[in-house]
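Subject: Structure for your review: ligand surroundings, pockets and cavities

Dear colleague,

Please find the structure below, handed over for your further work.

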Amino acid sequence: MSNSPFTPGIVAGRLPDAAYARNFADHEPPLDAHEARVAADRCYFCHDAPCITACPTAIDIPLFIRQIATGTPEAAATTIWSQNILGGMCARVCPTETLCEEACVREAAEGKPVEIGRLQRYATDVAMAKGLHPFTRAPRTGKRVAVVGAGPAGLACAHRLAMHGHDVVVFERRPKAGGLNEYGIASYKTTGGFAQKEVEWLLSIGGIEIRCGVELGRDVTLAQLEAEYDAVFLGIGLAGVNALRTPGEDKAGVRDAVDFIAELRQTADLSTLPIGRDVVVIGGGMTAVDAAVQSKLLGAENVTIVYRRGQEKMSASAYEQEHATSAGVRIICNAMPVAIHGNGAVREVEFAYTRETSEGLKPTGETFRLKADQVFKAIGQTLAGAPEGLAVEGGKLKGHQGKVWAGGDCAAGGEDLTVTAVAEGRDAAEAIHAALTAG
Ligand SMILES: Cc1cc2nc3c(=O)[nH]c(=O)nc-3n(C[C@H](O)[C@H](O)[C@H](O)COP(=O)(O)OP(=O)(O)OC[C@H]3O[C@@H](n4cnc5c(N)ncnc54)[C@H](O)[C@@H]3O)c2cc1C
Ligand code: SF4
């Protein structure tokens with residue numbers, strides 16, 4: 001190891017080899033059978049359980065926890081998957097602290113919820129390890145549906161359509177299926193190639209063909225899909241990124257956080273991935289936290305998240321903020337970038353402190369500079385590459401228009417979360433099935 005956290009510039013191999021494996025290991029270790037039974041025993045099996053209402057896919061949580069408590073995790077997995085076919089991934093990535101576990105009555109009573117996410121992971125992991133896929137296809141209907149985008153929305157839609165007996169072709173522009181499960185989620189949340197294992201498991205129902213490397217708008221048009229298929233589902237996510245609009249944004253060392261994270265997720269040996277010594281991340285959401293924490297885990301010496309509004313406005317949850325600070329990331333709020341300095345490559349970022357006024361966010365007049373050899377922009381993704389002519393509301397596609405349905409991040413309504421994308425893909429499949437079999 002010739003480099004260290006103190007080596008200037010953007011370099012690889014800042015840490016000893018063993019540190020990478022340790023740093024990027026499972027964020028939360030899986031429960032073993034005994035721990036799962038103990039955790040399940042804390043559930044009150046509430047009537048009208050608030051945890052179910054708080055789950056965007058409405059999994060029957062008390063039922064699956066009871067099935068774990070009675071020693072039948074395979075039955076628990078079936079309960080989970082019948083509502084959420086990516087229940088294994090959601091168990092790893094859902095912000096449960098703001099969903100089911102926040103709603104759990106034991107959270108309200110004791111400040112310690114039933115560990116629903118970890119229990120869900122236990123059940124789905126046990127069943128997947130046994131090769132269980134408890135769904136079969138209905139007799140073939142002869143109807144064909146095109147799904148664009150093999151992310152959580154597209155995959156959930158494809159699986160439900162295949163269950164109903166329709167033939168599905170999924171068009172995906174990237175080399176691998178999975179969407180942000182494969183290219184976005186922090187790597188310590190989904191270790192051991194889980195995203196691809198889950199895709200393979202999902203496809204084992206049959207009736208789904210995935211064509212990778214095919215992009216809607218480049219290789220195929222919506223009109224062609226509408227002519228060739230009985231229905232089309234668009235689950236294309238948010239492929240665009242917002243620009244900072246700050247002078248110096250084009251300097252070397254400044255890049256989009258989502259591109260850095262995608263590269264990280266596709267790098268087999270993380271000791272080869274270059275990272276700055278002084279990293280500045282601009283933004284306040286999950287992407288900002290993930291870029292910052294993973295920069296730190298790659299050996300950056302100083303990592304700072306700078307967010308333009310107050311801490312309470314950050315879209316990263318309190319739990320995620322705490323995760324960032326405990327990893328050694330500094331968070332500065334109420335500051336916005338005004339210039340990126342450096343001769344060719346970034347050297348410093350200049351920020352202005354801000355305050356909220358009735359006319360919006362205003363600089364206070366006070367500025368400061370942060371040393372930086374790498375800057376990640378994490379100020380939000382936007383809809384890009386959607387076919388022309390489709391109705392858009394609030395920057396997102398309308399859910400249903402003619403033969404075309406949309407769901408997940410690209411569609412209006414719902415939070416941009418994996419579990420919401422799964423729910424919307426599943427529900428669109430039910431709507432498509434109803435339309436294709438009506439009359
Ligand atoms: C860095 C990051 C971290 C995140 N972490 C979490 C987390 O921890 N927990 C959580 O719940 N959510 C997280 N999210 C949000 C979550 O990943 C998304 O809400 C979810 O993936 C949305 O699913 P989707 O199927 O709508 O879109 P995507 O996952 O974006 O999938 C869309 C797919 O469509 C493909 N596509 C796009 N355009 C075309 C085209 N023209 N032709 C063909 N294919 C196309 C894309 O390549 C992609 O595979 C994170 C997001 C990011 C960016
Ligand atoms: S709210 Fe908590 S205790 Fe009640 S059923 Fe859900 S997980 Fe169990």
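Five elements each supply at least two residues of the shell around ligand 1: helix H10 (152–163), strand E2 (167–172), helix H14 (257–265), helix H15 (286–297) and helix H17 (418–437). The largest share comes from H15, which gives three residues to this shell. Please bear in mind throughout that the model is predicted.

In total, 34 residues surround ligand 1, and the closest are Val93, Glu172, Lys189, Leu216 and Asp409. By class, the shell around ligand 1 divides into 16 nonpolar, ten polar and eight charged residues.

- Val93: a polar backbone atom lies 2.8 Å from a nitrogen atom of ligand 1.
- Lys189: a polar side-chain atom is 2.7 Å from an oxygen atom of ligand 1.
- Leu417: a backbone N or O atom is 3.2 Å from an oxygen atom of ligand 1.

As for burial, ligand 1 taken alone exposes 1,000 Å², and the protein buries 96% of that.

The residues around ligand 2 are Cys43, Tyr44, Cys46, Ala49, Pro50, Cys51, Pro62, Cys104, Val105, Val114 and Ile116. This shell holds eleven nonpolar residues, with no polar and no charged ones.

Sorted by class, the lining of the second largest cavity has eleven nonpolar residues, no polar residue and one charged residue.

A search of the whole structure finds four cavities of 30 Å³ or more. The largest cavity holds about 110 Å³ of space. It is lined by 16 residues, and those closest to its centre are Cys55, Ile59, Cys94, Cys100 and Gln120. Both H6 and H9 supply at least two residues of the lining of the largest cavity, and the largest share, three residues, comes from H9. The lining of the largest cavity comprises eleven nonpolar and five polar residues, with no charged residue.

Turning to the pockets, the second largest pocket has a volume of about 520 Å³. There are 29 residues in its lining, and the closest to its centre are Glu28, Cys94, Thr96, Glu97 and Tyr319. Two or more residues of the lining come from each of helix H6 (87–93), helix H7 (100–103), helix H9 (116–129), H15 and helix H16 (318–326). What is the class make-up of the lining of the second largest pocket? The lining has twelve nonpolar, four polar and 13 charged residues.

H15 contributes to the shell around ligand 1 and to the lining of the second largest pocket. Cys94 is among the residues closest to the centre of the largest cavity and among those closest to the centre of the second largest pocket.

With kind regards

Technical notes: Residues are numbered from 1 along each chain as its sequence is written. Chains are lettered from A and ligands numbered from 1 in the order in which they are written. This is a predicted model: local features need pLDDT of at least 70, side-chain atom pairs count only at pLDDT 80 or more; totals for chains, interfaces and linings use all residues. Side-chain values use heavy atoms; hydrogens and water are left out. A residue is near a molecule or strand if one of its heavy atoms lies within 4 Å of it. Ala, Val, Leu, Ile, Met, Phe, Trp, Tyr, Cys and Pro count as nonpolar, Asp, Glu, Lys and Arg as charged, and the others, Gly among them, as polar. A polar contact is a pair of N or O atoms within 3.5 Å; within protein, one must be able to donate a hydrogen and the other to accept it, and residues adjacent in sequence count only if both atoms are side-chain atoms. Accessible areas come from the Shrake-Rupley method with a 1.4 Å probe; for residues, only the protein chains shown count as cover. Helices (H or I, at least four residues) and strands (E, at least two) are DSSP runs, numbered from the N terminus. On a 1 Å grid over the protein atoms alone, a cavity is a set of points where a 1.4 Å probe fits but cannot get out, and a pocket is an open set with protein on both sides within 12 Å along at least five of seven lines; lining residues have an atom within 4 Å of a point. Grid points are joined across faces, edges and corners, and a volume is the space filled by probe spheres set on the points.
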